[in-house]
Amino acid sequence: MGFLVTTLIFAVIGIIASLCTRICCNRGPSANLLHLTLVITATVCCWMMWAIVYLAQMKPLIVPILSEGE
Amino acid sequence: MGDRGGGCCPPMDLFRSEAMQLVQLIIPMESAHLTVSYLGDLGLIQFKDLNSDKSPFQRTYAAQIKRCGEMARKLRFFKEQMLKAGFSPSAKSLGETNVGFDDLEVKLGELEAELVEMNANGDKLQRGYNELLEYKLVLQKAGEFFTSAQCSATAQQREMESQQMGDQTLETPLLREQETATDLSKQVKLGFITGLVPREKSMAFERILFRATRGNVFLKQVPAEEPITDPVSGEKMEKNVFVVFYSGERAKNKILKICEAFGANRYPFAEDLGKQALMITEVSGRISELKTTIDAGLLQRDNLLRTIGDQFEQWNLMVKKEKSIYHTLNMLSLDVTKKCLVAEGWSPVFATKQIQEALQRAAFDSNSQVGAIFQVLHTRESPPTYFRTNKFTSAFQEIVDAYGVAKYQEANPGVYTIITFPFLFAVMFGDWGHGICLLLATLFFIVREKKLSSQKLGDITEMTFGGRYVIMMMSLFSIYTGLVYNEFFSVPFELFGRSAYACRDLSCRDATTVGLIKVRDTYPFGVDPAWHGSRSELPFLNSLKMKMSILLGVAQMNLGIILSYFNAIFFRNGLNVWFQFIPQMIFLNSLFGYLSFLIIVKWCTGSQADLYHILIYMFLSPTDELGENQLFPGQKITQQVLLLLALVSVPWMLLPKPFLLKREHENRHQGQSYAALESTDETLLSVANHDSHGHDHEEFEFSEIFVHQLIHTIEFVLGAVSNTASYLRLWALSLAHSELSVVFYEKVLLLAWGYNNIIILIVGIIVFIFATVGVLLIMETLSAFLHALRLHWVEFQNKFYEGDGYKFYPFSFALLDDEED
């Protein structure tokens, strides 16, 4: 799975989550906006975390060197 | 202050504090009490103290408050008595209510008098009872002593007689005959005193007696086996029964005085055996008689306390309510006609209808001729900050409030803190095993929420319970970041496919020297498990986590600056947009945004460029060729432009704003004569405007403004560097956490496993569990929590948050309970 595909998956999960909050706890436009902000922030944070780790391993400058014992 | 919204979206909950208004209520005297009571039920208005110049005794309702205080004292007395008797006030409040305030006062007074009398009688009876018990003991012990003494005396006499009969030899003392003879003739009647003395004083008692009478006493002490209740103090203590023999009146007086000084209770005692027996039976009879009386009294008292206990909470609440109502009434000012009370206070705009409704209801219920008048005042005073939080958001809002309460309607960092706080925590605490432990612990609190919230908890438990939703979010994110770090108690799992790395050839000879080779696509989610335990693990994780900290930090700081833009837009402050937000954005991103960009480019291209070198020489010699450090074409010119932008943005932040402020101020002063006309139609509101007018004509001190701006600019420029560096704590803590858990796993669990011995294994597991819970789950949680807190308070919030507001404390009966403790 490439970078873009997984990013897309994150986006889809984010959209589904925001739809869920919209449907499950619909408490007026103000509260919905808050929920949407929370979901988006959470999605962006999680995506950033994943993307950073993924990108760092894409073109490795160093590779795992096994310890002597193993 | 601008209006709400003004954009495409509806206003967001929690992002801005509630719109507030200063309201004035004019309440007829006769319905004032009921009105305030209804408003207390509603709990949405914060009354202003309009009598702050008056002392508490000069106020209108001082007498009523005094009465409430007296009633509260009586209730405290009842509570004390109930605790002493081992009752707890029943939590369930009975249905029957609506006792009038005056009735309650009378009732409380009666009950108190009754209880006090009962206590006095009980004490008296108890004292008598204890005295009798002591007396009985003295009778028994002294009786024993006398009988044994008599026995031994007769035995001695008999022995002596037999001796005299047996061997009247030379050894017989010559004087003896005489002595006994004279003894008989001069025989003095020896007096004696019996009683009880506390055991710890008995030695001193004996010594003093001996000294005072120069040894002319005979003291006999017998310890009582069980501790006895002292009739005077009512405490249990160890005591000795004593008998003192003396001769003469003077000795007796001395002994009596000494007895008094030592708290020794004396009891009459008859030498005659028959009399003794009689007295013992009499005393026993009286004891049992008293016992039944005392029991009956206690039962009656218990019944009384129980009836009090049934209604105690109800009364307590009522008294508290009354007291708070009169306190509030004291804050209202009396109208000149003395027929109305005038109240001023802050209330949220959304509560207008509810307040008016409450006023009407109060007017109706108190059969008042006229209703209360409700009107909104205009003022320039800054209103209190009020966020409507629920049980989930309140803990996060408290995290923000602990730093400073938001200015009125300022952008609330609490909204983002709900996500970013647990997220940054989890970056430092990434281990999904530990995350699950934390989640289970907090789920325990959440599931038992209803039960726990009603009872009193310890300090630490209380804190954990209050932050249960924060901890829940923290643990959820920990599980996520743990999956990204691929650590379950430091053990990696191939959950998302196979490792991307493999040996170069079948023999795997190079694996320990040159290393593995990447044969597949990058591991799709998180850190490749092949890294774990390898020799290059630490260099790899160091580089990854350091760069991650910078990327996350730059992102969060950018969010902070963007929020300052929303603030500037909301408060219609164009200056802050053009001369604060834009240069700040440019400065931060031309340096650290560029660094982040370089990091990503380096990752994507796999370049070997040295980022430190690039960034350092970007300042030192921007014109030099980059050579092998070139990451993308046109890098040199880009860097020169960025450097120029950064340099320009510093004076941009510093200089224009103070000058523009000065011009604005001068313009306003010129147009002052026109502004006065506008306020003429607000005559009604002149009272409210009066106190706030002073703020408007502040002196404009240019140097002060300029210095302030200078400080602000320096703070931002230096802060951009130091705050970015500060985010490196994410790297340090997350590395420390993972290394610690590796140590515990390898040096404790695996070591114990290696012995192939069940006992060692069990010990190893126990040590591992304690180390994991104590160090990783508790200590590390605390430290990661504190570091996340700092990152939010300092690095995030100093970009936009003023935090100089004050909190909205409504007059509410629901808040009364918290205040008390």
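Reply: What follows goes through several terms in turn, setting each value against its definition.

Reply: This is a predicted model, in which local features need pLDDT of at least 70 and side-chain atom pairs count only at pLDDT 80 or more, while totals for chains, interfaces and linings use all residues. Residues are numbered from 1 along each chain as its sequence is written, chains are lettered from A and ligands numbered from 1 in the order in which they are written, and side-chain values use heavy atoms, with hydrogens and water left out.

Me: Why is the pair of Tyr501(B) and Trp531(B) called edge-to-face?

Reply: Rings of Phe, Tyr and Trp (its six-membered ring) pair if their centres lie within 6.5 Å, and planes under 30 degrees apart count as stacked, over 60 as edge-to-face and the rest as tilted. A search of the whole structure finds 44 aromatic pairs over all chains. In the pair asked about, the ring centres of Tyr501(B) and Trp531(B) are 5.7 Å apart and the planes stand at 70°, so the pair is edge-to-face.

Me: What makes this a link between distant parts of the chain?

Reply: Tyr501(B) belongs to strand E12 (residues 501-502) of chain B, whereas Trp531(B) is in the loop between strand E13 (517-518) and helix H15 (537-570) of chain B, and the two are 30 residues apart. Helices (H or I, at least four residues) and strands (E, at least two) are DSSP runs, numbered from the N terminus.

Me: How do you know whether Tyr501(B) is buried or exposed?

Reply: Buried means under 20% relative accessible area, exposed over 50%, and partly exposed in between (1.4 Å probe, protein chains only). Tyr501(B) has 7% relative accessibility, so Tyr501(B) counts as buried, and Trp531(B) is buried too, because its relative accessible area is 2%. By contrast, Asn756(B) has a relative accessible area of 73% and is therefore exposed; Asn756(B) is found in the loop between helix H23 (729-754) and helix H24 (758-796) of chain B, and has a positive phi of about 55° although it is not a glycine.

Me: What makes the link between Cys503(B) and Cys508(B) a disulfide?

Reply: A disulfide is a pair of cysteine sulfur atoms within 2.5 Å, and the S to S distance between Cys503(B) and Cys508(B) is 1.6 Å. The structure holds one disulfide over all chains. The torsion about the S-S bond of Cys503(B) and Cys508(B) is about 45°, so the disulfide is right-handed. Cys503(B), at 25% relative accessibility, counts as partly exposed, as does Cys508(B), at 29%.

Me: How do you know that the charged end of Arg361(B) sits over the ring of Tyr38(B)?

Reply: A charge sits over a ring if NZ of Lys or CZ of Arg is within 6 Å of the ring centre and within 35 degrees of the ring normal. The charged end of Arg361(B) is 4.6 Å from the centre of the Tyr38(B) ring and sits over that ring. Likewise, the charged end of Arg468(B) sits over the ring of Phe465(B), 4.2 Å from its centre.

Me: Which residues form the cluster linked by ring pairs?

Reply: Ring pairs link Phe3(A), Phe10(A), Trp47(A), Trp50(A) and Tyr54(A) into a cluster.
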